[in-house]
Amino acid sequence: MSGFVWKPEPVQVPGLVHLHTGKVRDLYRNEAGDLVMVASDRISAYDWVLPTEIPGKGRVLTQLSLWWFDLLADLVPNHVLSTELPEGAPADWEGRTTICRSLRMVPVECVARGYLTGSGLTEYERDRTVCGLALPEGLTDGSELPAPIFTPATKAAVGDHDENVSYEEAARRVGADTAARLRQTTLAVYSRAREVARERGIILADTKFEFGFVETGGGGGSAGEGGNELVGDRDLLLADEVLTPDSSRFWPADQWEPGRAQPSFDKQFVRDWLTSPASGWDRHSEQPPPELPAEIVERTAAKYIEAYERLTGTAWS
Ligand SMILES: Nc1ncnc2c1ncn2[C@@H]1O[C@H](COP(=O)(O)OP(=O)(O)OP(=O)(O)O)[C@@H](O)[C@H]1O
Ligand SMILES: [Mg+2]
């Protein structure tokens with residue numbers, strides 16, 4: 001089982017068309033055809049969107065993404081247009097709303113891994129490969145890889161896990177040129193970000209990027225009539241959110257110890273509590289997870305702020 005414990009009703013704003021309620025973000029289209037991305041305070045764990053929100057999480061992750069987009073702008077252009085609140089939007093959207101160029105998204109999730117864990121570890125234990133890439137013997141959960149690798153995945157339907165694919169399969173889906181650019185950009189951005197995080201005592205174990213093409217011709221934000229070809233070869237933009245705890249594995253460097261699951265920078269309190277007897281919940285059951293206690297919520301909110309402050313080197317306000 002997985003999914004929403006309960007799915008929130010979208011907020012209606014005149015002039016905005018609601019497109020999608022994601023696990024964490026709500027998407028709208030404005031009258032100019034641009035995408036309005038609103039990060040909520042929802043949090044997911046063990047494949048569930050929990051019934052309890054983490055106050056401030058949406059703002060912290062939005063500001064962190066924006067900080068990274070800026071820092072990476074010389075490596076790759078991005079989809080951010082503005083952070084101005086749409087007219088008539090609720091005041092509490094402030095700080096967690098991003099107006100983005102509406103792109104034709106590349107149908108491959110671009111993952112970079114510098115460390116072995118998660119689905120990479122599962123494949124490694126079976127085949128000594130990750131996404132078909134051969135790796136040396138002797139690696140374990142949390143091991144640093146000899147060099148960062150590009151491990152593309154295809155997006156699954158809500159509630160399912162993304163499926164890892166080989167580079168060759170990704171290239172079949174998006175074309176050889178695009179695949180090469182995705183790999184090159186993904187690894188360049190990962191390397192830069194990993195250095196930044198490392199200086200601040202945080203290991204960026206892996207991260208997922210999404211890219212999209214500026215649609216040429218047609219105008220407006222809706223999909224053109226041109227089918228699914230990826231056009232505008234020169235206009236590949238970094239989209240979605242970047243290098244947040246929701247799209248990345250951040251590990252506290254001082255607790256890194258290969259051979260076991262690493263503590264998660266942001267969700268450890270939540271996971272520990274959910275799997276403790278105190279929660280009364282069995283994550284392998286069909287039951288949805290319970291509400292989080294106030295203390296777990298507070299400590300988790302503080303962790304997101306700590307991640308922001310450590311990474312950016314600026315105080316959260
Ligand atoms: N600039 C953009 N133009 C068009 N679509 C975009 C852009 N940036 C991000 N997206 C898409 O917007 C969606 C963001 O939604 P969100 O991440 O909240 O939910 P999701 O990815 O559908 O599901 P999940 O809850 O599993 O993450 C994704 O489908 C993403 O590919
Ligand atoms: Mg997503």
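Trainee: Is Asp47 buried, partly exposed or exposed, judged by its C-beta neighbours inside 10 Å?

Mentor: This is a predicted model, and in it Asp47 sits in the loop between strand S5 (44-45) and strand S6 (48-49). A residue needs 20 or more other C-beta atoms within 10 Å to be buried and 12 or fewer to be exposed. Asp47 has 14 such neighbours inside 10 Å, so its class is partly exposed.

Trainee: What is the phi of Asp47?

Mentor: Most residues other than glycine have a negative phi. Asp47 is a residue other than glycine, yet its phi is positive, with a value near 70°.

Trainee: Where is Asp240 found, and is Asp240 buried or exposed?

Mentor: Asp240 has a positive phi near 60°, again in a residue other than glycine. Its place is the loop between strand S17 (236-239) and S18. Because 21 C-beta neighbours lie inside 10 Å, Asp240 counts as buried.

Trainee: Which domains give residues to the shell around ligand 1, and where does that place the ligand?

Mentor: The shell around ligand 1 holds 18 residues, and the closest are Gly22, Lys23, Arg25, Leu103 and Ala239. Strand S3 (25-29) and S16 are the elements that give two or more residues to this shell. Since domain 1 (3-104) and domain 2 (105-252) both contribute residues to the shell, ligand 1 lies between them.

Trainee: How many residues of the shell around ligand 1 are charged?

Mentor: Sorted by class, the shell around ligand 1 includes eight nonpolar residues and five polar ones. The number of charged residues in that shell is five.

Trainee: Which element gives the most to the side of domain 1 that touches domain 2?

Mentor: The C-alpha centres of domain 1 and domain 2 lie 21 Å apart, and their contact takes 22 residues from domain 1 and 24 residues from domain 2. On the side of domain 1 that touches domain 2, five residues come from the element that gives the most, which is H1.

Trainee: How do the residues on that side of domain 1 divide by class?

Mentor: The side in question is the one by which domain 1 touches domain 2. Its residues divide into twelve nonpolar, six polar and four charged.

Trainee: Why do the buried residues of helix H6 line one face of the helix?

Mentor: The buried residues of H6 are Val297, Thr300, Lys303, Tyr304, Ala307, Tyr308 and Leu311. Seen down the axis of H6, these residues line one face because they fall within an arc of 130°. An α-helix has 3.6 residues a turn, so residues three or four places apart point the same way. For the buried residues of H6, the arc to remember is therefore 130°.

Trainee: Which exposed residues does the opposite face of H6 carry?

Mentor: H6 covers residues 294-312 and reaches 27 Å from its first C-alpha to its last. The buried residues of H6 are covered by elements that include helix H1 (57-71), helix H4 (176-199), strand S16 (202-213), strand S18 (248-252) and helix H5 (268-274). The face turned away from that buried side carries the exposed residues Ala294 and Glu295.

Trainee: What distance separates the C-alpha atoms of Asp272 and Ile296?

Mentor: Asp272 has its place in helix H5, and with 14 other C-beta atoms within 10 Å it is partly exposed. Asp272 and Ile296 are 24 residues apart along the chain, and their C-alpha atoms are separated by 9.7 Å.

Terms used. Residues are numbered from 1 along each chain as its sequence is written. Chains are lettered from A and ligands numbered from 1 in the order in which they are written. This is a predicted model: local features need pLDDT of at least 70, side-chain atom pairs count only at pLDDT 80 or more; totals for chains, interfaces and linings use all residues. Helices (H or I, at least four residues) and strands (E, at least two) are DSSP runs, numbered from the N terminus. The expected span of a helix is 1.5 Å times one less than its number of residues. The arc is that of the directions from the helix axis to the C-beta atoms. Two residues are in contact if their C-beta atoms, placed from the backbone, lie within 7 Å. Domain bounds come from an automatic or database domain assignment. Ala, Val, Leu, Ile, Met, Phe, Trp, Tyr, Cys and Pro count as nonpolar, Asp, Glu, Lys and Arg as charged, and the others, Gly among them, as polar. A residue is near a molecule or strand if its C-beta atom, placed from the backbone, lies within 6 Å of it.
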